Amino acid sequence: MSVEGVHLPPGVEVITTRSEAAAWIPAGAEARTIRVTLAPGDPGAPPHRHPGPLFGYVTEGEILFELEGQMPRVLKAGDALFEPGGDVIHYQGANNLPDAQSQLVVTMFAPPGTPVLTVVSAQELAERRHLRATPSS
């Protein structure tokens, strides 16, 4: 059921809805809420993947965000994000601000006992280079 058009109490706001998200959730998954805090200019984790989808929200600052097949984009405080997890490489999740902290909170749906992220090898990055979006020249 969509919440669009449903009257919400004062102070409650739906930021974004991702109707197809349930299709990405692995059977038997647990929900994990994760806060990521990045110091000024922090490049974040190296290219990696997550074991399941995540849905989140930038709570502070700006995050340079890039997923395989998508152009890099800057997410600012108040912006929501979705990542399908699984085989999709998360290339960047950097603090876009050189002089201020940035932070996001995500809820990840993953099989119990799996790592939050797995770093992708240099060899795999080279093999999948053709899947990374690049600006047109």
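A strand here is a DSSP run of E with at least two residues, numbered from the N terminus. The model shown in these views is predicted.

View 1. Arg32 is placed in strand 1, which spans residues 30-38. With a relative accessible area of 13%, Arg32 is buried, because the limit for that class is under 20%. The Arg32 side chain reaches two backbone oxygens: that of Thr114 at 2.9 Å and that of Pro111 at 3.2 Å. Contacts of Arg32 beyond four places in sequence include Pro112, Gly113, Pro115 and Val116. Pro51, Val106, Thr107, Met108 and Ala110 are also among the residues that Arg32 touches.

**View 2. The largest pocket and its lining.** The volume of the largest pocket is about 280 Å³. Its lining is made up of 20 residues, and those closest to the pocket centre are Val36, His48, His50, His90 and Leu104. At least two lining residues come from each of strand 1, strand 4 (62-67), strand 6 (80-83), strand 7 and strand 8 (102-110).

**View 3. His90 and its polar contacts.** His90 belongs to strand 7, residues 90-95. Its relative accessibility is 8%, so His90 counts as buried. The side chains of His90 and Glu83 are joined by a polar contact of 3.0 Å. A polar atom of the His90 side chain also lies 2.8 Å from the backbone oxygen of Gln92. Apart from residues up to four places away in sequence, His90 touches Pro46, Pro47, His48 and His50, together with Phe65, Glu66, Leu67 and Glu83.

View 4. His50 sits in the loop between strand 2 (48-49) and strand 3 (54-60). It is buried, because its relative accessibility is 7%. Between His50 and Glu83 there are 33 residues of sequence separation, and their C-alpha atoms are 8.6 Å apart. Glu83 is in contact with His50, as are Gly85, Gly86 and His90. Met108, Val116 and Leu117 are also in contact with His50.

**View 5. Tyr91 with Arg132 and Leu125.** Arg132 lies over the face of Tyr91, 4.0 Å from the ring centre. Leu125 is located in helix 1, residues 122-127. Its relative accessibility of 22% is why Leu125 counts as partly exposed. Leu125 and Tyr91 are 34 residues apart along the chain, with 9.6 Å between their C-alpha atoms. Tyr91 is one of the residues touched by Leu125 when residues up to four places away in sequence are not counted, and the others are Pro47, Ile89 and Val120.

**View 6. Pro72 in the loop between strand 4 and strand 5.** Pro72 is found in the loop that joins strand 4 to strand 5 (73-76). At 34% relative accessibility, Pro72 is partly exposed, because the value falls between the 20% and 50% limits. Leaving aside neighbours within four places in sequence, Pro72 is in contact with Leu64, Phe65 and Glu66, and also with Gln92. Arg132 is 60 residues from Pro72 in sequence and 10.0 Å from it in space, C-alpha to C-alpha.

Conventions:
Residues numbered from 1 in each chain as written. Predicted model: local features only at pLDDT ≥ 70, side-chain atom pairs only at ≥ 80, totals over all residues. Heavy atoms only, no water. Lys NZ or Arg CZ within 6 Å of the ring centre and 35° of its normal. Helix = DSSP H or I, 4+ residues; strand = E, 2+ residues; numbered from the N terminus. Buried < 20%, exposed > 50% of the residue type's maximum accessible area, 1.4 Å probe, protein only. Polar contact = N/O pair within 3.5 Å; in protein donor to acceptor, adjacent residues only side chain to side chain. Contact = heavy atoms within 4.5 Å. 1 Å grid on protein atoms, 1.4 Å probe; cavity = no way out; pocket = protein on both sides within 12 Å on 5 of 7 lines; lining within 4 Å. Points joined across faces, edges and corners; volume = space filled by probe spheres on them.
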